[in-house]
Amino acid sequence: MRSIIDILDLSISEIDELIATAQDIIASPERYAHVCEGKKLATLFFEPSTRTRLSFEAAMYELGGHVISMSDAGSSSASKGESVADTIKVVSCYADIIAMRHPKEGAALVASDNTSVPIINAGDGGHCHPTQTTADLLTIYREKGGFDGLTIGLCGDLKFGRTVHSLINAMSRYEDIRFVLISPNELKLPSYIKNDVLKRNRIPYVQTNNLEEAMPELDVLYMTRVQRERFFNEEDYLRLKDSYILTPAKLKEAKRDMIIMHPLPRVNEISVAVDDDPRACYFKQVLNGKYMRMALILMLLKEAGTL
Ligand code: NCD
């Protein structure tokens, strides 16, 4: 059974296919309004989420399907001690496809070994978050016209930010990509990603803690929240949480066609005064995420023979 655990589970041509389907849905939503009639998506969120869960649910409703949901791990059998494997074996009897978020790295992989329906990883701890990346890719594609030749600045919590990890993996497959990794020392990109993705694929990157200095060369600036829930102590979080705050003044040196992205939720990293800047794309990402999740649900249900 095909599941999507990591963004690299999708080939470049499948990403192209998802983008084409999403664009077609955007152009003619009525053609897709009934395609999943009678089908059920289960959302299993063992970790807080607003947009990702609602995005999956809205996606399934807009395809004409149904949603069953376990939104709060505290009220589920997980709190009685049930394993992820057992929960998935049970839920795959009820649903045609499952979107799951879990605080433990690797939980989605365990789920995919125990399912009879496709599983979509909606975030596993600080590891990865492939469907946020599909939203990011559609946004970059629509705003920049493609992926090759871009200099991408990633700023904030590069250590725990799973959306950053998945986006680096995804963008590393295109031509002439450069990364500028902007973070405090303590929140640098994990070395396994530097070694296995950037160095192995000979992708140029620089590490810096200075956002202003990096700004003029960027085509994409991807801001992230400091991931409070993954810190071992509150003191470190409080010291690091406001390391970067993007303001209109800091954007003065940016390219006129640079795009500003953020997976949301935003805490302090982007001042609300930036929202009116035409380069701000973070709310477009939200909408793009819903369309890419619709495209992904369709692709996986077709492959599974359910549609
Ligand atoms: C991200 C996540 O859950 O990792 N949010 C999201 O899915 N839109 C980013 C975050 O929580 O900071």
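So, the largest cavity holds about 90 Å³ of space. This is a predicted model, where local features need pLDDT of at least 70, side-chain atom pairs count only at pLDDT 80 or more, and totals for chains, interfaces and linings use all residues. Residues are numbered from 1 along each chain as its sequence is written, and side-chain values use heavy atoms, with hydrogens and water left out.

By cavity I mean a set of points, on a 1 Å grid over the protein atoms alone, where a 1.4 Å probe fits but cannot get out; lining residues have an atom within 4 Å of a point. Volume is the space filled by probe spheres set on the points, which are joined across faces, edges and corners.

What lines the largest cavity? Arg51, Thr52, Ser55, Gln132, Ala135, His262, Pro263, Tyr282, Gln285, Val286, Gly289 and Arg293 do. H2, H5 and H10 are the elements giving two or more residues each, and H10 has the largest share, with 5. Helices here are DSSP runs (H or I, at least four residues), numbered from the N terminus. By class, that lining has 4 nonpolar, 6 polar and 2 charged residues; Ala, Val, Leu, Ile, Met, Phe, Trp, Tyr, Cys and Pro count as nonpolar, Asp, Glu, Lys and Arg as charged, and the others, Gly among them, as polar.

Now for the helices. H5 (residues 130–144) and H10 (residues 282–303) pack at about 115 degrees, axes 8 Å apart. Axes are lines fitted to C-alpha atoms, for helices over the stretch in contact, and angles run from 0 to 180 degrees between N-to-C directions. That angle makes H5 roughly perpendicular to H10 (65 to 115 degrees counts as that). The contact of H5 with H10 has 5 nonpolar, 7 polar and 5 charged residues.

H5 has another partner: H1 (residues 12–27) packs on H5 at about 70 degrees, axes 11 Å apart, so H1 is roughly perpendicular to H5. Here Ile15, Ile19, Ala22, Gln23 and Ile26 in H1 meet Leu137, Leu138, Tyr141 and Arg142 in H5. This one has 7 nonpolar, 1 polar and 1 charged residues.

Key: Parallel < 35°, antiparallel > 145°, perpendicular 65-115°, else oblique. 1 Å grid on protein atoms, 1.4 Å probe; cavity = no way out; pocket = protein on both sides within 12 Å on 5 of 7 lines; lining within 4 Å. Contact = heavy atoms within 4.5 Å.
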